[in-house]
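Let's take a walk through the rings and nonpolar cores of a protein. Have your viewer ready.

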Amino acid sequence: MVKRFIPLMIAAVLFTGRTQSQTTDFSAAKIICSEKTDKLVLRAVALLQEQTQKRSKIKLPVLNKPASKPVSQIFIGTEGSLKKTLSSDIAKQLSQIAPSGNEGYKLLSVGSVIVIAGFDARGVLYGVGKLLRTLELEPGKIQLPKPLRMSSAPVYPIRGHQMGYRPKTNAYDAWTVAQYESYIRDLAIFGANSIEIVPPRTDDDATSVNMKLPAIEMIRHQSEICRDYGMDVWMWYPNMGSDYSSPDSIKKELEEREQVFSVLPKLDAVFVPGGDPGDLKPDVLFSWLEKEAAVLKKYHPNAKIWVSPQVFKPSAQWYDKFYEHVNRKYEWFGGVVYGPWIRTPLPQVKKLIRPEIPIRLYPDITHSLSCQYPVPDWDIAYAMTLGRECINPRPEDEKYIHKLYASLAQGSISYSEGTNDDVNKFVWTGQDWNPETPVLESLREYARYFIGPHYTEPVAQGLMALERNLRGPLLSNDQVQRTFQQWQTMEKNASAEVLSNPRFQSGLLRAYYDAYIQRRLIYETSLEREARNILENAEKAGSLDAITQARKVLLLAHEKQVSPELKARCMALADSLFRSFGAQLTVEKHHAMPGRGNFIDNIDVPVNDAMWLLDQLSGTEKLATEQERLLAINKILHRTDPGPGGFYDNFGSTSAWKRIRAQKTWAEDPGSLESPRVSFGVGLTGVDWVHEVVAKGFEGQTTPLAWMNQINTLYDTPLVIEYDNLDANSEYTLKIAYTGRFRSSMKLMADGVLIHNYIRMGTKPMFEFSLPKEVTSDGKVTFTWTCGQEDKGEGERGSQVAEIWLVRR
């Protein structure tokens, strides 16, 4: 077994630059704490003892005074209380370290002594957390790899994550009380001070087959756990009632709040979304919140209500009234929450409210598409397979987004739907504690603490590599294979304990999955090309024979799958993650919610145009004559052909982005409130928006791959696309594929000339217009789409364009 760890041990030393002489052994240390009454300090002591024992198999004894014999010692307490316990020399050295501050701590090591000195009781807990993240713990060893002399305090006072016990999540509803205690404790060890829970009734089912307890019981346990770790308890509480103006309806809603608030031993704040769900007019909303606040105060006198301007179909009038109420500074009002689907950019929100009103961020760290901060430049093959809620370590993106917006708020409690965003939680908490923390440092602490000291560098770098897997076109991304090889090497050298570690398994699963999808993409792209080659020779071979042969080639993707061993490993890891982490990665086996975390269900979704081609060939085959079939085949092959002198663009492809005009770049606007983004989804008749990326749309017919992604702007931000090098003497026909996940209403102008008035999307995909000659007479044209409610020009989710043909007439 020792031999198997040698390469990883060498790598860890090489990457950290640490030598054995810097290491101090604390395997025989004693924990010294004189505190007798402060429950949080005593909890911190127990935490250090329990977590070192769990990882090293050594139980450090706890004494209430220094040991009489020379021995390694770890002193724990508030800085004030430690003055009576420490030697004069160590006390002097501790006093020379820069002061910390609220929730902060000092860490000092002198020879065989470590001191954890909290500014307050919370600071003691976070100081213990920092030491645990620094120590190298393995069976039979507790080692400090380098001397400690530091002070630290959080930059932002709100640092936490939402953990809703509800069926819609991809893991949380499967957890036991013990699992919640373990996860909340882990977050506290990394510096979190807040957990947001949800009530039993939300925009979700009341229960699931995975739930171990009724929701009303579990939220009480969640609150108790947070209380015991000195953490704040928030509750996301949407307004799910049908009427908030009727006395009978209000009475029923207040009775529900009474039941929920009364059962919680601790509740510090309630976050009520303005809409999504809820959708109340501001006057009704704030009148209702005043009544809700009275019930809240009855059980939790210091708790406040926070509100977000999040609403399904916002109007300027709605926002004006909302901020009017916010600025009235109601006694029960805590502040504004800024999160997904808020039309106004955060800097503007800051200007709209009084300077003293706090803002809490509610960043979506859990989703990869159709969300607040989608993965930029994402390949359609990933969007179809990994989907909206895959395992998604995005350390560099999360740090960048945090840096862009954090200074405008008091901190954050993230929007999370389960364990898929596990890495992102710890990265975001690290940034809330200190935005100057290099993201790699956070990942190294994550790897060291959760997986083991020998995996500090390999896993940290492996998580960074998984994010690089997502960059750019998958077909040509050679990073994917390197990432796969790195994780395979770790897997080969791992102990049974590491191989069963859910955090190691999560990274390993993504490495296998990405490699499998890339190999499928390469294989299926070649199969499609071969099938098209056969169809191109249909006139010589005969249409029916060409259709038969092309179909056989396309079906090889399922009948003769590429790299089935990678798929098998993905399936095994998914099952193991369900058992250990509650991760619900399939609908049937793990009872996931469709369109949520069930990305394993998508592992064999075609990543080429096979579904559309097969559907088209079936229809063509039924035509009566050879000539009709050959014409139909020609139409299939020339679907994107704009004809001589024409132009075609698929705006889900990077090659078309040169035509798009944007006010801001992704770096300036990662939430795309003022700039375009690539979105995914076709759209279905009568459905306002879809979450799954599948090759079916409108009335359920199979669609081309190109319709599954499109360029998209949000709300009233115009979508601007320019064409040049046109023939000034020619006239053009404009063909447009209007697809997308929103059933928006859009208007199109070309150089100020109306091409069409508002058209409601979702009725049909293709539209055709004759362009007036004057708009192309200078050899160029600028198309501008705006989105709105018919002639109101506001309140819609955005403009969307999948494909454009400019056909020269």
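Is Phe-581 buried or exposed? With a relative accessibility of 7%, Phe-581 is buried, a label for values under 20% relative accessible area, where exposed is over 50% and partly exposed lies in between (1.4 Å probe, protein chains only). The model is predicted, so to speak of local features pLDDT must be at least 70, side-chain atom pairs count only at pLDDT 80 or more, and totals for chains, interfaces and linings use all residues. Residues are numbered from 1 along each chain as its sequence is written, and side-chain values use heavy atoms, leaving out hydrogens and water.

The structure holds 43 aromatic pairs, meaning rings of Phe, Tyr and Trp (its six-membered ring) with centres within 6.5 Å; planes under 30 degrees apart are stacked, over 60 edge-to-face and the rest tilted. Tyr-183 and Phe-581 make a tilted pair because their planes meet at 50 degrees, with centres 6.4 Å apart. Tyr-183 is buried too, at 2%. Both belong to one aromatic cluster that also includes Trp-175 and Tyr-449. The charged end of Arg-55 sits over the ring of Tyr-449, 3.8 Å from its centre (CZ of Arg or NZ of Lys within 6 Å of the ring centre and within 35 degrees of the ring normal).

Now to the cores: sets of buried Ala, Val, Leu, Ile, Met, Phe, Trp, Tyr and Cys residues joined through side-chain atoms within 4.5 Å. The largest nonpolar core has 198 residues, and Trp-785 is one of those with the most contacts inside it. Another core, of 18 residues, lies apart from it and includes Tyr-523 and Leu-554.
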